[in-house]
Amino acid sequence: MKKVFSSIVCVFTLSACSQGMSTSEVKHESSGDHTKPKVQQIEKADRGEITLINPDSAKVIPKGLFTGELQVSLDTGFVVTLLITNTQTFGVPVQYRSGMTADVKLVDPQGNKVWAWSDDMMFTQAIRDEVIPADKVNPVRFNLPKTVVAQVNKKGYQLIATYKGHLTESKGVAMADVTLSLDPFLN
């Protein structure tokens with residue numbers, strides 16, 4: 001028997017470290033040339049932020065109900081934002097099994113973990129149930145310390161973001177991991 005998503009009366013949003021935004025505020029660029037990465041600069045005039053995006057490697061393979069995208073801002077250090085988007089036409093109930101909404105790790109060219117955002121953090125062990133509204137973009141921001149960025153001294157390093165929400169009405173995957181090459185951001 002198929003499970004049917006029922007109507008949800010109350011709608012909750014992710015409350016990681018930031019505010020939500022609609023999909024119309026997120027800018028995407030498609031590229032026909034996949035031989036070398038292109039970096040797109042997005043300026044948000046209301047906040048004076050400059051965000052660099054590598055659209056060829058920052059988009060997730062559509063696996064799961066949500067899609068993800070990584071953006072890097074170099075304005076105030078090395079800030080990585082994971083944009084989690086519910087592309088469904090209905091709200092999706094998810095459960096978090098700790099206070100962590102998402103994590104990001106830095107891996108070297110051989111795939112070995114160099115650093116993870118959660119390494120230096122502590123999280124509550126409380127279970128959180130939330131409904132992610134349809135067409136909602138939830139950003140989660142991570143600051144990479146200067147000591148970590150200094151370790152990226154050659155090409156091949158990547159960031160891998162992992163969403164920690166679990167679907168409550170199916171055994172499917174909420175969102176696949178999102179990978180971003182740091183090659184375009186090296187000096």
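Strand S11 (residues 158-163) and strand S13 pair in the antiparallel sense over four bridges. This is a predicted model, in which local features need pLDDT of at least 70, side-chain atom pairs count only at pLDDT 80 or more, and totals for chains, interfaces and linings use all residues. Residues are numbered from 1 along each chain as its sequence is written, and side-chain values use heavy atoms, with hydrogens and water left out.

Two strands pair if DSSP finds at least two bridges between them. Strands (E, at least two residues) and helices (H or I, at least four) are DSSP runs numbered from the N terminus. By that count the protein has 13 strands and two helices.

Ile160 stands opposite Thr179 in S13, and Gln158 has Ser181 of S13 as its bridge partner.

**Aromatic pairs**

The structure holds five aromatic pairs. Rings of Phe, Tyr and Trp (its six-membered ring) pair if their centres lie within 6.5 Å; planes under 30 degrees apart count as stacked, over 60 as edge-to-face and the rest as tilted. Two of the pairs are listed here.

| Pair | Ring centres | Planes | Class |
|---|---|---|---|
| Phe66 and Tyr163 | 5.8 Å apart | at 70° | edge-to-face |
| Phe78 and Phe185 | 6.4 Å apart | at 80° | edge-to-face |

Phe66 lies in strand S4 (residues 66-73) and Tyr163 in S11, so their pair ties together parts 97 residues apart in sequence. Phe78, in strand S5 (residues 78-86), and Phe185, in the segment after S13, are 107 residues apart.

Buried means under 20% relative accessible area, exposed over 50%, and partly exposed in between (1.4 Å probe, protein chains only). Phe66 is buried at 1%, and Tyr163 is buried at 6%. Phe78 and Phe185 are both buried.

Phe66 and Tyr163 form one aromatic cluster with Tyr96. The charged end of Arg128 sits over the ring of Tyr96, 4.2 Å from its centre; the criterion is NZ of Lys or CZ of Arg within 6 Å of the ring centre and within 35 degrees of the ring normal.

**The nonpolar core**

A nonpolar core is a set of buried Ala, Val, Leu, Ile, Met, Phe, Trp, Tyr and Cys residues joined through side-chain atoms within 4.5 Å. The largest one has 34 residues, and Phe66, Leu82, Leu159 and Tyr163 have the most contacts inside it. S4, S5, strand S6 (92-96), S7, strand S10 (136-144), S11 and S13 each supply at least two of its residues. S5 gives the largest share, four residues.

Contact means heavy atoms within 4.5 Å. Leaving out residues up to four places away in sequence, Leu82 touches residues including Gly68, Leu70, Ala102, Val140, Phe142, Ala161 and Val178.

Of the 187 residues of the protein, 42% count as buried. Among contacts with a separation of 6 or more, 68% join residues 24 or more positions apart.
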